[in-house]
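Please keep the sequence and the three-dimensional view at hand while reading.

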Amino acid sequence: MASVLRSLGGSTRDLVADAGALWRLAAAAFTRGFVGPFRGERVRARATLAQAVRAGVDSLPLVALICFLVGMIMALQSAYQLRQLGAMDLVAGLVAVSMTRELAPLLTAIVVTGRFGSAIAAELGTMRVSQEIDALQVMGLSPVSFLVVPRLVALVLTVPCLVIFADVIGIVGGQAIAVAALGIGAQRYVALTLDALVLQDVYTGLVKAAAFGAIIGLVGCHEGLKTTGGAEEVGRSTTSAVVRSIVLVIAADLFATALFYVRG
Amino acid sequence: MERLDDEVNPNTQSTPAAASAPAATAIEVRGLRRTLGGRCVLDGIDLDVRTGETLVILGASGSGKSTLLRTLVGLEPPDGGTVRIWGTDIYAAGDAELARIRQRLGMAFQGGALFGSMTVAENVELPLAELTEVPPQNRRILARIKLGMVGLEDAMDQLPSQLSGGMRKRAALARALALDPEIVFFDEPSAGLDPVTAAGLDHLLVQLKKVFEMTLVVITHEMQSAFTIADRLALMHDGRFLVVDVPEVVRASRDPVVRRFLDRQPPAPTDGGEKFRRFLEELG
């Protein structure tokens with residue numbers, strides 16, 4: 001019993017220490033990325049753009065495919081219930097609201113975590129193991145400015161962009177089902193969607209998306225930078241980055257959803 | 001936690017006054033202690049590196065020399081003791097001050113630590129691009145000069161992964177020399193190289209040293225290489241120095257542990273046997 005408690009205490013302590021380190025990285029990245037430019041520090045536009053292409057453009061096909069499929073699934077599932085009420089017209093609104101407020105940001109975040117968050121952790125972990133991070137530091141270059149900020153900024157900007165695409169494609173997926181199986185015309189579906197959606201639904205999703213982007217970037221960088229040892233540890237960091245990102249994204253999602261719910 | 005956050009702000013750079021009047025002691029180490037995983041890796045190290053000398057820290061693997069080097073360049077804070085470079089305690093200095101000192105240091109890492117996504121030339125250009133105002137076309141010229149010095153002009157546009165181990169070490173040296181540093185640290189120049197390539201690298205170090213009059217701190221476990229390049233040798237064993245002196249004195253030492261290292265004798269059979277017995281016991 002004592003040993004169970006001890007190991008629980010030990011892992012809790014590690015987790016708290018790790019959360020502290022993650023927080024410090026976030027603070028350093030904020031100082032470097034958002035305050036630094038006003039103090040005349042270099043803005044790494046090219047590096048940021050390169051990362052944005054990797055995070056955004058390269059993830060777009062997968063995000064589109066998944067959101068299209070989930071849009072279709074949502075339409076079918078809601079039709080299954082709404083049919084009993086004879087309220088098939090509500091399918092359009094249900095798909096649109098759940099896509100924009102919830103599913104598009106969440107699915108996009110999960111795809112980007114798997115594709116790019118893991119890549120960040122592996123890349124930075126390999127750089128740590130091969131002493132490239134040390135080399136940067138000895139040169140007097142900050143790994144935070146040089147590596148973390150471009151990735152973080154790229155993610156905070158591109159995840160919301162991806163979500164806009166995901167919103168549209170998810171709704172088109174629902175529309176495809178509506179036209180093919182539910183007997184709702186394409187134009188009518190669009191009109192119903194526009195009736196049901198309010199701007200707040202969309203920007204709620206976009207605010208979440210930006211927060212998710214920050215989480216993915218910070219966790220990926222943190223896990224990569226704290227890698228020690230060899231190739232095996234890089235693999236562990238990568239796994240850990242994906243798992244922790246997804247858990248934190250979903251926790252943040254609940255928090256944000258509750259907040260928006262309370263505020264109306 | 002390491003200091004990740006210490007880039008120099010280009011606006012606050014100034015020419016350090018110390019550069020014009022070099023002190024006799026470049027690096028002053030006092031009472032350095034470090035314990036890693038319950039083992040004392042650095043056990044009260046005192047060391048003075050004089051300006052312009054080549055100091056070679058020689059030791060078997062596990063003697064603490066890598067940790068010492070990492071502590072000297074500010075990568076691993078010690079548990080106790082101080083490292084002063086040109087009189088500044090690097091673990092007490094502010095970010096900007098540390099960055100200014102680091103601009104005058106160069107380090108070549110054991111495996112090269114070249115940035116894998118950049119060509120060899122871009123690696124050498126990076127410190128110039130980030131820390132100086134040199135325009136791009138001149139950076140390229142400077143990179144060509146530095147790579148020419150280490151004999152890698154022809155490999156400028158190759159990626160680090162396309163280079164051999166010896167070429168990678170030379171490229172790392174070229175990058176370390178990019179900002180014309182006053183002190184250069186070299187981690188294991190001959191490790192993992194064939195004897196001919198290793199001798200070539202030693203020769204290169206001696207040559208560069210002559211031309212640039214820099215201070216050179218090299219850690220190695222290769223005795224031959226150490227005696228070739230050293231002005232002074234520091235023999236490290238179990239986290240402390242057995243002897244720090246000119247090569248002739250080290251060679252003539254009568255200390256049994258020094259002799260054992262120099263004569264390439266394996267550890268005394270008693271403790272070897274003890275270890276082997278314990279190893280067998282652990283295997284069950």
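The model is predicted.

**Strand β3 of chain B: burial**

- Strand β3 of chain B spans residues 54-59, and six of its six residues are buried, so the strand is largely enclosed by the rest of the structure.
- Thr54(B), Val56(B) and Leu58(B) point one way from β3(B), while Leu55(B), Ile57(B) and Gly59(B) point the other way.
- The residues pointing in either direction are all buried.

**Strand β3 of chain B: pairing**

- β3(B) pairs in the parallel sense with strand β8 of chain B, residues 215-220, over five bridges.
- Within this pairing, Val218(B) of β8(B) stands opposite Val56(B).
- β3(B) also runs parallel to strand β9 of chain B, residues 232-237, and five bridges join the two.
- Met236(B) in β9(B) is the bridge partner of Gly59(B).

**Helices α4 and α7 of chain A**

- Helix α4 (residues 90-129) and helix α7 (residues 186-196) of chain A have axes that come within 8 Å and cross at roughly 55°.
- An angle of 65 to 115 degrees would count as roughly perpendicular and one under 35 as roughly parallel; α4(A) and α7(A) are therefore oblique to each other.
- The crossing of α4(A) past α7(A) is right-handed.
- On the α4(A) side, Ala92(A), Gly93(A), Ala96(A) and Val97(A) take part in the contact, meeting Tyr189(A), Leu192(A), Thr193(A) and Ala196(A) of α7(A).
- The residues of this contact comprise six nonpolar, two polar and no charged.

Methods
Residues numbered from 1 in each chain as written. Chains lettered and ligands numbered in written order. Predicted model: local features only at pLDDT ≥ 70, side-chain atom pairs only at ≥ 80, totals over all residues. Buried ≥ 20, exposed ≤ 12 C-beta atoms within 10 Å, placed from the backbone. Helix = DSSP H or I, 4+ residues; strand = E, 2+ residues; numbered from the N terminus. Pairing = 2+ DSSP bridges. Axes fitted to C-alpha atoms, helices over the stretch in contact; angles between N-to-C directions. Parallel < 35°, antiparallel > 145°, perpendicular 65-115°, else oblique. Left-handed = near helix turned anticlockwise from the far one by under 90°. Contact = placed C-beta atoms within 7 Å. Nonpolar A, V, L, I, M, F, W, Y, C, P; charged D, E, K, R; others polar.
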